[in-house]
Amino acid sequence: MKIEIKKIGNSDGLLLPRELMQRLDLKRGQQLHIVELPGGGFQALPYDPDFARTMEIADGIMDKYRDTIAALAR
């Protein structure tokens, strides 16, 4: 499905077709968590405060142990 980024006031936004909103069970005003994917692109997930906190902790660990993680990845 092709979706265009449009100017909305002083911001930019995505307008989701109603049928997509219904299929994904999304509601107007609902918050989404955006995850950047390797190689470009993103994934939008329903916002979950517990998941968001877990991701913050994981980011902190990955920053702290960046060298160790890079060595393990080899």
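Predicted model: local features only at pLDDT ≥ 70, side-chain atom pairs only at ≥ 80, totals over all residues.
# Notebook: a hairpin, a pocket and a spread-out chain

I started with strands β3 and β4, which pair in the antiparallel sense over 5 bridges. I looked up who faces whom, and found I34 opposite A44 in β4. Then I went to the turn. The hairpin of β3 and β4 has 5 residues between the strands, and G39 there takes a positive phi near 85°.

I picked H33, which lies in strand β3. Is H33 buried or exposed? I checked its relative accessibility, which is 16%. The cut-off for buried is under 20%, so H33 counts as buried. Next I asked what H33 is in contact with, leaving aside its neighbours within four places in sequence. My list has Q43, A44, L45, P46, Y47, F51, A52 and M55. Of these, A44 is already in my notes as the residue opposite I34.

I went looking for empty space next. Rolling a probe the size of a water molecule over the atoms shows where empty space is left. The largest pocket holds about 510 Å³ of space. How many residues line the largest pocket? I got 18, and L14, L16, L26, L32 and A44 lie nearest its centre.

α1 (18–23), β3 (32–36) and β4 (42–46) each give at least two residues. β4 gives the most, with 3 residues. Sorting the lining by type, I wrote down 14 nonpolar, 2 polar and 2 charged residues.

Time to zoom out. I found 3 helices and 4 strands in the protein. Along the sequence they follow the pattern β-β-α-β-β-α-α. Why do I call the protein more spread out than a compact globule? Its radius of gyration is 17 Å, while the globule rule gives 11 Å for 74 residues, so the protein's value is well over the rule. I looked up the C-alpha trace too, and along its principal axes it spans about 45 × 25 × 25 Å.

Last, I took the contacts between residues at least 6 apart in sequence and asked what share joins residues at least 24 apart. The share is 2%.

Definitions and conventions: Residues numbered from 1 in each chain as written. Heavy atoms only, no water. 1 Å grid on protein atoms, 1.4 Å probe; cavity = no way out; pocket = protein on both sides within 12 Å on 5 of 7 lines; lining within 4 Å. Points joined across faces, edges and corners; volume = space filled by probe spheres on them. Nonpolar A, V, L, I, M, F, W, Y, C, P; charged D, E, K, R; others polar. Pairing = 2+ DSSP bridges. Rg over C-alpha atoms; globule rule 2.2 N^0.38 Å. Contact = heavy atoms within 4.5 Å. Buried < 20%, exposed > 50% of the residue type's maximum accessible area, 1.4 Å probe, protein only.
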